Amino acid sequence: MASILGLGMTHYPMLLSPNAQMSMLLRGTLSDPDIPAEHKDPANWPELGRREWSDDFGLAAAADHRAALLEALRICRRELDEFEPDVVLVWGDDQYENFREEVVPPFCVLAYPDTQVEPFGVLRRFGAPNIWNLPDDTTYTMRGAQAVAKGVVSDVLAAGFDCAYSYQPRQGIHFPHSFANTQTFLDYENAGRKFPYPILPIAVNCYGELVIARRGGMAKFAEILRTEVVDPPGPSPLRCFELGRAIAQSIQNTDLRVAMIASSSWSHAFLNDKDWHIRPDMASDRRLYAALTEGDLDTWKSVTGKQIVEAGQHEMLNWFCLLGAMDALDMKLTWSDFVETEIFNSNKAFAVYH
């Protein structure tokens, strides 16, 4: 029988960059002419946002935010090293990277061999430097777990759960950053270049109706309000929960030591249309974090796809997969942290399950 560790963490891209770049997503949002001026005025923001923004556009707050994230990541890495996994299974979102107009699968197991990854490819999208002062085209090897991946796909298909698989990434792109950043952040001191464990990425179509419409990212309100034609939805939160259960049952029948990771921040400001992309949905995130710490899976299982989209919590579908797996294995939350922010795009949650 397998041994399992469960982890939850962020793959927040701006953690790859210096503090001066940490608030650049919000600064870009504030330049959107179609956002009403009163919403862009920091004087009208909640107290936390005003305090973080201060008179330095978030520079001092960025150092505190980074310190909190890195401390939580160190705890995750310590748990990982003590567990000594044979493979690290990661649920992550594909943000118009591997999957584009040709095909967008709800779920896809990336059954890759060892793969060269550009960890800073996502930063080129923002024109931002990396905090390690390494060349922009730096690469490292992400060790694959192809045999385990094929076994998982075979088992979930046999159990009646349709799931796609892939043997190689799309050419000419940076590797999906939800997976690349997971390796980088768990080996932060070395920018991911000395991470010792194989990774099995499982891509979830978290962006759903926005994956093509917004190229998996940010959009100006002029585009949204006047021209946007959305795509079909992603998988429902409950279906992601069920996928996690199916994969857990597959892994349980092996003799492997497997760490299962949900890789995402929670609600994203640039997906939270109702708050003009300025802040994450604090109330929705706090509600689900309280349910997480209380072991209240009924609250999680009652969340609808519409609620996920309205809160900008798209990427949290990865956490629904993790919670489904933890429920199937009767694993318990033994540590968690929730790092709130008004100005750094997303609240970040961390968790350890034994």
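Helix α13 (residues 317–328) comprises 12 residues and spans 17 Å from its first C-alpha to its last, close to the 16 Å expected at 1.5 Å a residue; the expected span is 1.5 Å times one less than the number of residues. Helices are DSSP runs (H or I, at least four residues), numbered from the N terminus. The structure is a predicted model, in which local features need pLDDT of at least 70 and side-chain atom pairs count only at pLDDT 80 or more, while totals for chains, interfaces and linings use all residues. Residues are numbered from 1 along each chain as its sequence is written, and side-chain values use heavy atoms, with hydrogens and water left out.

Helix α13 is mostly covered, 10 of its 12 residues being buried (under 20% relative accessible area, with a 1.4 Å probe and protein chains only). The buried residues of α13 are L317, N318, W319, F320, C321, L322, L323, G324, A325 and M326. The helix is followed by D330, which has a positive phi, near 55°.

The structure contains zero disulfides, a disulfide being a pair of cysteine sulfur atoms within 2.5 Å. C108 takes part in no disulfide, and the nearest cysteine sulfur, that of C163, lies 6.7 Å away. C108 counts as buried because its relative accessibility is 2%. C240 is likewise in no disulfide; the nearest cysteine sulfur belongs to C321, 4.4 Å away. C240 is buried, with a relative accessible area of 0%.

Q183 is located in helix α7 (residues 177–186) and is buried, with a relative accessible area of 1%. When neighbours within four places in sequence are left aside, Q183 is in contact with Y140, T141, M142, G192, F195 and I199, contact meaning heavy atoms within 4.5 Å.

A search of the whole structure identified four cavities of 30 Å³ or more. A cavity is a set of points, on a 1 Å grid over the protein atoms alone, where a 1.4 Å probe fits but cannot get out, and its lining residues have an atom within 4 Å of a point. The largest cavity has a volume of about 150 Å³, volume being the space filled by probe spheres set on the points. Its lining consists of 17 residues, of which P13, Q95, H177, H268 and F270 lie nearest the centre. Helix α5 (residues 121–126) gives the most to this lining, with three residues. The lining of the largest cavity divides into eight nonpolar, seven polar and two charged residues.

Conventions:
Buried < 20%, exposed > 50% of the residue type's maximum accessible area, 1.4 Å probe, protein only. 1 Å grid on protein atoms, 1.4 Å probe; cavity = no way out; pocket = protein on both sides within 12 Å on 5 of 7 lines; lining within 4 Å. Helix = DSSP H or I, 4+ residues; strand = E, 2+ residues; numbered from the N terminus. Nonpolar A, V, L, I, M, F, W, Y, C, P; charged D, E, K, R; others polar.
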